[in-house]
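Here is a short briefing on a protein model and its ligand. Keep the structure open as you read.

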Amino acid sequence: MSFLAPNSELRHGFETSDPRLGTIAAKVEASERLSFDDGVALYRTGDILAVGWMANVVRERMHGDIAYFNVNRHINPTNVCVASCRLCAFGRKKGTAGTYTMALEEAWQTAGSGLSEAVTEFHIVGGLHPDLPFEYFEDLIRGLKVRFPKVHIKAFTMVEVAFFAKLCKMSIEQTLLRLKAAGVDSLPGGGAEIFADRVRHIICDHKIDGGEWLETARTAHRIGLRSNATMLYGHVENDEDRVDHMLRLRELQDETGGFQTFIPLAFHPDNTALAHIPKTTGMMDLKQIAVGRLLLDNFAHIKSYWQMVSPQMAQISLRFGADDIDGTVIEEKIYHDAGATTPQGMRRADLVRLITDAGRVPFERDTMYRAVTRSEDSFTVAV
Ligand code: V47
């Protein structure tokens with residue numbers, strides 16, 4: 001059954017037996033904003049091909065056949081954490097088995113180790129350590145900038161920023177300004193989880209609430225730091241919670257324009273206090289990408305993070321709304337502590353192959369989505 005005008009952009013190949021998708025398809029066709037109820041209807045339908053078709057139309061309107069990736073390295077300076085989030089298998093209480101905190105020299109050395117390909121981005125997040133002085137983090141970033149001046153530093157989630165501020169009795173703005181002065185170039189999207197209080201009380205009761213996460217992002221954007229935004233799905237949240245989460249991000253993006261990329265993160269239950277929850281399914285993973293693309297009309301990029309959903313699923317996502325599959329990563333701890341079976345990292349050539357085999361055109365980007373040209377051990381960013 002088709003609900004579209006005969007000359008519709010969507011019409012060619014778009015079919016659905018679900019009448020709820022008719023009005024949504026017409027809105028997508030007209031580039032009209034989708035409502036809360038539309039978002040819920042997209043989740044409730046079984047017609048993943050129709051949802052994916054619409055998301056793909058939007059994705060191709062924005063990016064054509066291009067699919068972005070980067071050459072990056074994750075660094076997690078410490079896993080000591082005062083919070084006891086039930087969703088997390090990475091954080092450990094101070095003094096318990098398995099904790100680590102990198103000495104600064106060790107962190108700088110880690111940054112330069114791994115694959116021979118020159119990285120364009122350091123992605124730095126860690127636990128909420130009760131005793132590390134704020135100066136440790138400033139020195140960490142300054143030291144990285146001295147040693148790797150061309151590398152973009154995407155560091156510290158809104159949760160870490162709010163923790164530093166509280167610990168040092170500074171405002172969020174002062175904290176962000178000091179991090180920026182030390183060399184932080186942008187912020188990753190972690191810690192957002194699901195904004196709804198009911199869900200947060202169950203999965204991450206000790207973290208800042210949704211309003212505080214958004215307020216910290218608002219402040220970051222105001223002082224000129226761009227950030228990403230994530231959404232953790234596949235635990236105790238429902239369709240309405242996910243739609244509410246995305247619409248709150250969309251509202252802030254209307255105001256600041258500071259978000260670069262939306263990244264839905266699949267929950268990995270192993271070794272967490274929520275280990276009884278089953279892992280996400282392929283259908284669920286594809287839905288998040290497609291619904292994200294359709295609801296977040298003011299976000300330029302939707303990332304399917306291959307570490308979270310598998311390289312295979314990230315590749316398929318490039319036909320269901322995603323335009324980015326993240327990067328080489330090199331060493332991943334947070335999901336591997338929670339039972340992820342994906343490789344720790346991938347080579348640049350592996351990412352290029354995944355993208356090419358999906359019929360897309362690989363585009364190596366820096367964190368700000370500028371084109372990168374490279375030889376193996378050096379790179380140039382287009383201005
Ligand atoms: O905030 C923690 C999630 C996030 C688990 O900005 C878990 O480019 C699944 O935000 N199962 C951190 N998820 C990672 C993150 C991220 C990753 C890649 C790219 C970017 C970006 C950001 O990981 C946390 C939390 O939501 N997380 N534990 C778990 N058991």
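How many salt bridges does a search of the whole structure find? The count is 34. This is a predicted model. The points below start with one of these pairs, then turn to the ligand.

**Salt bridges**
- Side chains of opposite charge can pair when their charged atoms come close.

- At Leu87, a backbone N or O atom lies 2.8 Å from a ligand nitrogen atom.
- At Gly191, a polar backbone atom is 2.6 Å from an oxygen atom of the ligand.
- At Glu193, the side chain takes part: one of its polar atoms lies 2.5 Å from a ligand oxygen atom.
- The ligand exposes 620 Å² when taken alone, and the protein buries 97% of that area.

**Pocket and shell**
- The ligand sits in the largest pocket.
- Strand S6 (226-233) and strand S7 (259-266) are the elements that give two or more residues to the shell around the ligand.
- In total, 25 residues surround the ligand. The closest are Leu87, Lys154, Gly191, Glu193 and Tyr335.
- By type, the shell holds 13 nonpolar, eight polar and four charged residues.

Terms used:
Residues are numbered from 1 along each chain as its sequence is written. This is a predicted model: local features need pLDDT of at least 70, side-chain atom pairs count only at pLDDT 80 or more; totals for chains, interfaces and linings use all residues. Side-chain values use heavy atoms; hydrogens and water are left out. A residue is near a molecule or strand if one of its heavy atoms lies within 4 Å of it. A polar contact is a pair of N or O atoms within 3.5 Å; within protein, one must be able to donate a hydrogen and the other to accept it, and residues adjacent in sequence count only if both atoms are side-chain atoms. Accessible areas come from the Shrake-Rupley method with a 1.4 Å probe; for residues, only the protein chains shown count as cover. On a 1 Å grid over the protein atoms alone, a cavity is a set of points where a 1.4 Å probe fits but cannot get out, and a pocket is an open set with protein on both sides within 12 Å along at least five of seven lines; lining residues have an atom within 4 Å of a point. A molecule sits in a cavity or pocket if more than half of its atoms lie within 2 Å of its grid points. Helices (H or I, at least four residues) and strands (E, at least two) are DSSP runs, numbered from the N terminus. Ala, Val, Leu, Ile, Met, Phe, Trp, Tyr, Cys and Pro count as nonpolar, Asp, Glu, Lys and Arg as charged, and the others, Gly among them, as polar. A salt bridge is a side-chain nitrogen of Lys or Arg within 4 Å of a carboxyl oxygen of Asp or Glu.
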